[in-house]
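Here is a short briefing for a first look at a protein chain. Please view the sequence and the model before reading on.

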Amino acid sequence: MEESLVCNWSSCRAILAILQWWGFNVTVIIMNKWIFQKLDFKFPLTVSCIHFVCSAAGAYIVIKLLKMKPLIEVDPEDRWKRIFPMSFVFCINIVLGNVSLRYIPVSFMQTIKSFTPATTVILQWFVWRKYFDWRILASLVPIVGGILLTSVTELSFNIFGFCAAMFGCLATSTKTILAESLLHGYKFDSINTVYYMAPFATMILALPAMILEGNGVVNWFYTHSSIYSAMVIILSSGVLAFCLNFSIFYVIHSTTAVTFNVAGNLKVAVAVLISWLIFQNPISAMNAVGCAVTLSGCTFYGYVRHKLSQQPAGGTPRTPRTPHTPRSIMEMIPLVNDKQDKV
């Protein structure tokens, strides 16, 4: 009886974790699009900088004040040699995501971000000459095919937004590869990752944001009709961006790797549907088919990776790990930009 109650609670907790992750993720994406499109605040660098400031403050409160998570100590030298390069790529990743949201619909942007598994495989082969099982390569076929079909049939296609989203995929993949090498030995969770990376990212982005967008932001302040309500929305998006990172930590420790992967792809579908209901951007039938094919390929890719991770070199399956143990360093870094998720 007690075992049954424990199983039921674990299942309920996993469902709640996924739902709150979906809620924060979709809300952040929709709010960012609303900021660019409805509030006419067309300054992606500034929005990203605000998100970094909110995330840094939130991580400090959680770790230092509330002590909800223990601080993972990092040597001062490693902060510059390891954390700073990661922060730079992390910063580029977030900015490109916001830039793409300014120019293309959420549905198209989210579909393009699903191209990340393919860019990760390509970079690992190009940089490390790493070779992959044929099933991994086969799973990339529907991903690439779906992206091509979606791009060709996208009614609101914008070349600048498309390129920003594609380079965002490369930045996400680079972040993943760097995490495996630079963060070796540091078992970071998402909150500690934000604690160390967000201040660096703010420092990196603040000056370019002021130089490139400062005058435009000042003019917006003087010309926008509802400045206070608009500022509440912009700052709220930053707070929710931090909450998204916190929710990722919870969902990783409440689900299995396969469930996490499937839920991530379903989340993209939910974001596409909700964005269409709110912004009413035109989506053709073939465009929807391309999106579905891409998400199916991503799900298959995640399943293949999980199955291969359970088999050592000899082919004997490993003993399954508990759902509450993070499976890899890829799952410990902020996944908001892995699926873009974030900002």
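Residues are numbered from 1 along each chain as its sequence is written, and side-chain values use heavy atoms, with hydrogens and water left out.

**Overall build**
- The chain has twelve helices and zero strands. Helices (H or I, at least four residues) and strands (E, at least two) are DSSP runs, numbered from the N terminus.
- Of the 343 residues in the chain, 52% are buried. Buried means under 20% relative accessible area, exposed over 50%, and partly exposed in between, with a 1.4 Å probe and protein chains only.
- The accessible surface is about 16,000 Å², and carbon and sulfur atoms account for 70% of that surface. Areas come from the Shrake-Rupley method with a 1.4 Å probe; for residues, only the protein chains shown count as cover.
- Take the contacts between residues at least 6 apart in sequence: 87% of them join residues at least 24 apart. Contact means heavy atoms within 4.5 Å.

**Confidence**
- The average pLDDT of the chain is 82, and 85% of the residues score at least 70. pLDDT is the predictor's confidence in each residue, from 0 to 100.
- Where pLDDT is low, the predicted coordinates should not be read in detail.

- The expected span is 1.5 Å times one less than the number of residues.
- Buried residues of helix 5 include P117, V121, L123 and Q124.
- Just after helix 5, R129 takes a positive phi of about 55 degrees.
- Helix 6 (residues 134-153) has 20 residues and reaches 29 Å from first C-alpha to last, close to the expected 28 Å.
- D133 caps the N-terminal end of helix 6, with a side-chain oxygen 2.8 Å from the backbone nitrogen of R135.
- Among the buried residues of helix 6 are I136, L140, I143 and G146.

**Two buried helix residues**
- K113 lies in helix 4 (residues 106-113). K113 is buried, at 2% relative accessible area.
- The side chain of K113 makes a polar contact with the side chain of T172, at 3.2 Å. A polar contact is a pair of N or O atoms within 3.5 Å; within protein, one must be able to donate a hydrogen and the other to accept it, and residues adjacent in sequence count only if both atoms are side-chain atoms.
- V99 belongs to helix 3 (residues 76-103). V99 is buried too, at 12% relative accessibility.
- Leaving out residues up to four places away in sequence, V99 touches P44, F160 and A164.

**Cysteines**
- The count of disulfides is zero. A disulfide is a pair of cysteine sulfur atoms within 2.5 Å.
- C169 is in no disulfide; the nearest cysteine sulfur, that of C298, is 9.5 Å away. C169 is buried, with a relative accessible area of 0%.

How values were computed: This is a predicted model: local features need pLDDT of at least 70, side-chain atom pairs count only at pLDDT 80 or more; totals for chains, interfaces and linings use all residues.
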